[in-house]
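Trainee: Could you show me how to read a sheet and a pocket in a protein model?
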Amino acid sequence: MCRIHGSFHARTTAQEMRDVAALQHHGGPDAQSFAQHSGWALGNNRLSIMDPEGGAQPYRLGDITVVFNGELYNHDRLRTELIRQGFHFEDRCDGSILPALYLTYGERFAEQLDGMFSVAVMDLRRAPRLVIATDASGMKPLYYHWEERSGRFHFASELPALLGFTDVRPYEDDLGLHTYLAAKTPFGRRTMFEGIEVLPPAATAVVTREEGLRLTTRRMGYESAPPVDEERSLARAGEELRELLSREVSRLLIADAPVAAITSGGLDSSLVTALAARTLHDRGASGALHTFNIAYTGNWPGDERAFAAEVSRHTGTVHHQVEIDPSTFPDLMGDVVRHLGQPNADPITLSTFSLFRAVRDAGFKVALTGDAADELFGGYARMTQAVAAPEGTDWAGAYLDHLAAVPRALREELYTAEYADRVLASGGSTMPPGLSDILEHGTGSRLQRISRIEQRYRLPAYHLRRVDHLSMASSVEARLPFCQPSVVRFAATLPDRHRTVPGVGVKRALYRAADGLLPESVLNRPKQPFTLPITAMLAPGQRLWAMARDVLSPQALRSDGRLRYEAVDALFTEQAERPSDNASLALWALMSHQMWRSEFLGRPAGQPTPRTRELAGAAG
């Protein structure tokens, strides 16, 4: 696991490469290196997980130079195949195979990889070209800036590092606020910065001086899966899923560094914990699995520590109960905003950041999590509601509104007239092209179409980037069994009745897989989202309330010019008198956005960007 960065067709100095590396040092504190020649540079920060003594980057083989971030779980098999073809390897590090793999398969090399990764290849044979690729789920993001006129191309694993390049300037996408409030973070290739994009999941981009940027996407797990198996019983589906997850968890436990598990006390992470503990026991490991759960000082709704502790007792793990004081949240928010690089409207960011910091402080460099199960197996209430909605109703619009940090009706109240006009002039679209078509006119059942949206757009943008950035902020590699291609493909073969049936249950195949492995109290408990109890915490007298009032001051909002302070003030009044998720999450989202602007834009609030001036002209 590492952090990578680089440039092509640009004059990048050695000092600039060191400066960019320093901005993502937390994600690779064990070693820093780079290769640099006329017109290109590739850099790496290493977090040594496999073969700590080997695996020095950049990897080189003839005219091929590679930097790599991630973990390849099939590297032993690929190494054996490449050795048969005459290649030789000095170590057993997973990334060491990449130059030989590229020489063998060319631009399609990423199709051979099983794992989480972002890779950059500098190919100097004939006309120089840069090839970058990402894994099928988007677990390892790669941000880039391509200046079409000059041909300069820069990339990095994190947005703050990308902004460390001299040629990459931070300009706010004026429509980013609208997009953010409608989806909690930009979907697809968009970021909150004008001119900066993120490589989609399962994508390969090729950059040459002659042709510029060419981006292609590979087939994702749900696209390459066999047809839906309507004949398979629920009991059989549960058995097969348990066997499959057991194999994947077993593979993901292999590391030359200590491995722990995150246990929220819910179904998904508890099942991963149970399978991991059983695997280590069967292997005769010298010590038990260590598990981590987070809770908050005081008495707050939604506390899951009792469920996590019960899972630990049931599976025989060494349990670590992490507890953080809500009064420290204002101090944590600055760190979280910095590491994310753009606002994420989920308050769980503070908990995620604190939890992985505790994992690191306890001496662990790898942690297994239960992320992505809801997207695959139909675990969200918004899915059930959309499936249950009668024909003829706007179920798709209601579903999209459930994805929002601020529902559409409230957004319309918050925007100033000038900003509303700019949004209208742009067409008002908050989602990537094609998303609405998938929902309303795509193939498959309603649940299948929703699942494609969740996996293709929301999971990588909103969920996986948050997990990646906030785990690597503490030099911890998060491994996600549910994102393994085999699990994604299996989920796609399940009929709707084995996933979510309104009035019957959610994640039905997953519950069957967990039957007998987890305590009945965990299997039978109501579903509860893993999040911060922000509605209770954002209240007068709390430090978080005072901070929100200060950040969302009349001066700040008026200088920005896009939000009506009177409407924001009304939200504060509502939250003080009648606390609700609607008001508290809206205030949290607005506060996070304002803090992001202060941290990254480096200019007085409200100063127009080129895009702002263009849209204003269109509106006028």
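Predicted model: local features only at pLDDT ≥ 70, side-chain atom pairs only at ≥ 80, totals over all residues.

Mentor: Residues are numbered from 1 along each chain as its sequence is written, and side-chain values use heavy atoms, leaving out hydrogens and water.

Trainee: In what order do the six strands of the open sheet run?

Mentor: Strands of a sheet pair through backbone hydrogen bonds, either parallel or antiparallel. Here the order is β4-β5-β6-β7-β11-β12, with antiparallel pairing. Strands (E, at least two residues) and helices (H or I, at least four) are DSSP runs, numbered from the N terminus, and two strands pair if DSSP finds at least two bridges between them. The edge strands, β4 (59–61) and β12 (212–217), each pair on one side only.

Trainee: Over how many bridges do β6 and β7 pair?

Mentor: Six, between β6 (residues 115–123) and β7 (residues 129–134). Look for Ser118, which stands opposite Thr134 in β7.

Trainee: What about the second largest pocket, which element gives the largest share of its lining?

Mentor: On a 1 Å grid over the protein atoms alone, a pocket is an open set of points where a 1.4 Å probe fits, with protein on both sides within 12 Å along at least five of seven lines; lining residues have an atom within 4 Å of a point. In this pocket, α17 gives the largest share, four residues. Of the 31 lining residues, the closest to the centre are Phe187, Gly188, Arg189, Arg190 and Glu197.
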